[in-house]
Amino acid sequence: MKIFALSTLAAAMAASVMFAVGTVHADDDDGVMTYAVTITNITRGQIIAPPAVIAHNGDYRMFMAGKPASLELAQLSEAGNGGAVTSAATGMPAVYSTALGNGGILPGMSQTIEIQTTKYFSEFTVGAMLATTNDGFMSISGVRAPKRGATTVEAIGYDAGSEANSEDCAYIPGPPCGDKRHNPAPSEGYVHVHAGFHVGGSGLNPAQHDWRNPVAQIEIKRVN
């Protein structure tokens, strides 16, 4: 299974702005604010898959460290499918809106996604696969939106614990691999801070694909 085409990755070399609003609460249409969420990849050799952005209140959690990953989080972290997370969030009472990026983010590059929310749904969660891993993802969770101006936070790499870290191209969708089968080997079974990329194999080089946290910088900026 391929998460994105090489042509899409080439297009991601230039910063892009996406407008993709999902859930909107009809009973809370006053005081709508627009935010630009800019994700910058600060790794040396990991591509960040299309990011999922969710505007919500304090009752929403995309994941909890130490707990098993949801099926949607497993889709995001194993296949780069952020749409599974945004689709699951759409319609939740705790969620105001969702947005999904367009294409992967190459090392050293940025992508900006615009999303709307209100003061009653003033937290943001962002998640995206670290593409050359089995089930690694980067995330920030429940970051409060600034009332004005911008705030910048750092995202670390997590392991969804849903697939064994074989570091084998047969089970990794991101370049230089590109295809994906599910690895039936036992996994950790819970979300935790990722230990990095160390073994390599099938042409994969830990010196290229390993990282040290953080893996991304994320700016949340109010634009209206």
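Predicted model: local features only at pLDDT ≥ 70, side-chain atom pairs only at ≥ 80, totals over all residues.
## Burial and overall surface

A residue counts as buried when its relative accessible area is under 20%, as exposed when that area is over 50%, and as partly exposed in between, using a 1.4 Å probe and protein chains only.

Residues are numbered from 1 along each chain as its sequence is written, and side-chain values use heavy atoms, with hydrogens and water left out.

As for the surface, the chain exposes about 9500 Å², and carbon and sulfur atoms supply 54% of that. The areas come from the Shrake-Rupley method with a 1.4 Å probe; for residues, only the protein chains shown count as cover.

## Fold layout

You're looking at 4 helices and 10 strands. These are DSSP runs numbered from the N terminus: H or I over at least four residues for helices, E over at least two for strands. Walk along the sequence and the order is α-β-β-β-α-α-β-β-β-β-β-β-α-β.

Now for contacts, meaning heavy atoms within 4.5 Å. Of the contacts in the chain with a separation of 6 or more, 77% come from residues 24 or more positions apart.

## The disulfide

There's 1 disulfide in the structure, the term being used for a pair of cysteine sulfur atoms within 2.5 Å. It joins C169 to C177, with 1.9 Å from S to S. The link between C169 and C177 is left-handed, at -85° about the S-S bond. Both C169 and C177 are buried.

## Salt bridges

Side chains of opposite charge can pair when their charged atoms come close. Here a salt bridge is a side-chain nitrogen of Lys or Arg within 4 Å of a carboxyl oxygen of Asp or Glu, and the whole structure has 3 of them. One pairs R144 with E123, the closest N and O atoms being 3.8 Å apart. R144 sits in strand 7 (residues 136-144) and E123 in strand 6 (residues 123-129), so the pair ties together parts 21 residues apart in sequence. R144 is exposed at 55% relative accessible area, while E123 is buried at 11%.

K180 and E163 also meet in a salt bridge, at 2.8 Å from N to O. Both K180 and E163 lie in the loop between strand 8 (150-159) and strand 9 (192-193), 17 residues apart. K180 is buried at 14% relative accessible area, and E163 is buried at 0%. Then there's R212 with D210, whose closest N and O atoms are 2.5 Å apart. R212 is exposed at 60%, but D210 counts as buried at 15%.
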